[in-house]
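The sequence and the structure are shown first.

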Amino acid sequence: MFSLRKAGVSLVAISSAFAATSAYADEGHDGASSGINALDHAPIGVMGDHRHAKGEWMISYRLMHMDMEGIQIGTDDVTPEQVATTVPNRFFGAPGQPPTLRIVPTSMRMDMHMAGVMYGLSDQVTLMVMGNYITKEMDHITFQGGMGDTRLGTFRTRTSDFGDTKVAALIGITENVHLNAGVSIPTGTVTEGAEILTPMGMRPTVRTPYPMQIGSGTWDLEPGITYRDQNEDYGWGAQVRGTIRLGDNDEGYAFGDTYQATAWLAASLTPSVALSGRIHAQTLGRVDGIDPNIVGPVQTANPDFQGGDSVTYFTGLNFAATGGALKGWRLGVEAGVPIVQDLNGPQMPTDFTLTVGVQKAF
Ligand SMILES: [Cu+2]
């Protein structure tokens, strides 16, 4: 399991190494004169924020960790017992399907490892490719039999695999504004399975519900527009992006379209360290269609209990080594906590997100 404490300790160690090499470099010459500044990049959680000069390459690695916990209907908290006794099971009427939900997810964790390459095709156009590996883990309570609120037991499902691949062109309109023209290629699987505990006490292996699938199964358009600027002391920017599903996947559905908007402000502490604040708003649609292999008295198997609206606040640190052995390397850390979440049906709200990433241009 992902250890936040361990991650925190490693971050402090890495940050110290960056601060040390940068401080050393700053003594010799002005950090700004190295042409590298922590303000040059957006907070690490923002994708496709910057372009590169013609012929310049950049490689990057990010780890995004997300924690979900509890149950919400709309903006209201509900208990597992309330879900099990009051929320209708959409599969009721099919053989063995009880009238209300009997399996209630209570927490979920996701780790997304993202490896990216950027290349400056010209001073106006930068190309980007990103692959990722995703692990998901979900804890559930199973209630006994067809009704009532007696807990039978708990179980955990896990899925992991390579996810969808993103390619994009960042097309400069002005010095500070570019279009994000992206496509998501369905390289991730949508047929993951796991062992569950049923209300009758059995442990079959079944197709996991929608949130535990790794890919989307659909080709998606990812258009966007990004604005970014900076002076000596501050950097700021905004980005609007969409994910538009082109048709259904082979299993008979498409995840909801996503629209997101974000704006950030970063303050330069030194040329090699910038502190940022960011607001992110997102709306995600319900699952459109249904996978006939995803069936069960559980909220996550219902295509209508997916998606919702959220506003999240992020705070982050960007480090850029302006000299020394690590010159040109960047490290970013960004943590997010939700301000408001309005979820479709019973769903687990996001509790916390953390993104850590390194970047190197050459
Ligand atoms: Cu880059």
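The model is predicted. Its mean pLDDT is 92, and 91% of the residues reach 70 or more.

| Segment | pLDDT | Contacts beyond four places in sequence |
|---|---|---|
| Residues 1–5 | under 50 | three |
| Residues 18–33 | under 50 | 31 |

The secondary structure consists of two helices and 19 strands. The radius of gyration is 22 Å, close to the 21 Å that the globule rule gives for 362 residues, so the protein is as compact as a globular protein of that length. Along its principal axes, the C-alpha trace spans about 75 × 40 × 30 Å. Of the 362 residues, 40% count as buried. Among contacts between residues at least 6 apart in sequence, 69% join residues at least 24 apart.

In soluble globular proteins, nonpolar side chains tend to be buried together. In this model the largest nonpolar core has 24 residues, and those with the most contacts inside it are Val83, Ala84, Leu101, Val104 and Met108. Two or more core residues come from each of helix H2 (80–86), strand S4 (103–120), strand S5 (125–143) and strand S13 (253–254). S4 gives the largest share, four residues. Beyond its neighbours within four places in sequence, Met108 is in contact with Met68, Lys136, Glu137, Met138, Pro211 and Met348. A second, separate core has 20 residues, including Ile36, Leu317, Ala321 and Val356.

Ten bridges join S12 to strand S11 (residues 219–230), and the two run antiparallel. S11 and S12 form a hairpin, with three residues between them. Within this pairing, Ile225 has Val240 in S12 as its bridge partner. Strand S14 (residues 258–270) is likewise antiparallel to S12 and is joined to S12 by ten bridges. Here Tyr234 stands opposite Ala267 in S14.

In a regular strand the side chains alternate between the two faces of the sheet. Which residues of S12 point to the buried face? Along S12 (residues 234–246), Gly235, Gly237, Gln239, Arg241, Thr243 and Arg245 point to one face and are buried.

Note on methods: Residues are numbered from 1 along each chain as its sequence is written. This is a predicted model: local features need pLDDT of at least 70, side-chain atom pairs count only at pLDDT 80 or more; totals for chains, interfaces and linings use all residues. A nonpolar core is a set of buried Ala, Val, Leu, Ile, Met, Phe, Trp, Tyr and Cys residues joined through C-beta atoms within 7 Å. A residue is buried if 20 or more other C-beta atoms lie within 10 Å of its own, exposed if 12 or fewer, and partly exposed in between; C-beta atoms are placed from the backbone. Two residues are in contact if their C-beta atoms, placed from the backbone, lie within 7 Å. The radius of gyration is taken over C-alpha atoms; the globule rule is 2.2 Å times the number of residues to the power 0.38. pLDDT is the predictor's confidence in each residue, from 0 to 100. Two strands pair if DSSP finds at least two bridges between them.
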